[in-house]
Amino acid sequence: MSEASPGAMGDQGGIRWSAADVLSVMRIPLAAAFLLVTHNGWRLAIVAAAAVTDLLDGPVARWRGSSPYGLILDPIADKLFMAAAVGVVAFSGALEPYEIVGVLLRDIVATVAFAATFFSQQPRAIPARWSGKAVTVAQILTLVAFLLNSPYLRPIAWATTVIAVFSIVDYLLAAPRAQRRVGR
């Protein structure tokens, strides 16, 4: 561990990984596993593991320190996992395509917004907000409802969409004063 980065896990070719980065990156193989596993019991365990790593990476970053990569790794891992998991829901036909878009709406908008700032050569990240956490919880509940074949899947998906719209507005209002340059 270096003094400049108390949470550094390794220094491979100049890349310093923090414990929080490792937790975030764990969601990428979990996304692949969700696609490959067909038993819903195992998929529930994968969703639980992804939720735990997502819940812990922020507190671990604050406790052990973070790396400049966390601002990029965490949202990428989040979006890859959610896209893979909701992709399974989409291919099952359990929800209509517009409902799938609603469940992923916050992630779609966040990805487009980040891409726009990236291509403007001024990539920025907005620190996590409670409304974003609420969307994540709603998305996880949508996945659990799907995996349990719940009759409440559609209402939960619609509630997730409403929370996502609220979160988008919340982030848009917070963006002008809360942006941080990525990689600085």
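**Exercise 1.** Which residues does Thr142 touch, not counting residues up to four places away in sequence?

*Solution.* In this predicted model, local features need pLDDT of at least 70 and side-chain atom pairs count only at pLDDT 80 or more, while totals for chains, interfaces and linings use all residues. Residues are numbered from 1 along each chain as its sequence is written, and side-chain values use heavy atoms, with hydrogens and water left out.

Begin by placing the residue: Thr142 lies in helix 6, helices being DSSP runs of H or I with at least four residues and strands runs of E with at least two, numbered from the N terminus. Next, take contact to mean heavy atoms within 4.5 Å; with residues up to four places away set aside, Thr142 touches Leu95, Val103, Leu153, Ile156, Ala157 and Thr160. Finally, Thr142 has a relative accessible area of 3% and is therefore buried, a term that means under 20%, with exposed over 50% and partly exposed in between (1.4 Å probe, protein chains only).

**Exercise 2.** Determine how the buried residues of helix 2 are arranged and what they pack against.

*Solution.* First, list the buried residues of helix 2 (residues 27-36), which are Arg27, Leu30, Ala31 and Phe34. Seen down the helix axis, these buried residues fall within an arc of 105 degrees, so they line one face of helix 2; the arc is that of the directions from the helix axis to the C-beta atoms. Then turn to the other side of helix 2, where Pro29 and Leu36 are exposed. Lastly, the partners of the buried residues are helix 1 (19-25), helix 3 (40-64), helix 4 (70-92) and helix 6 (130-147).
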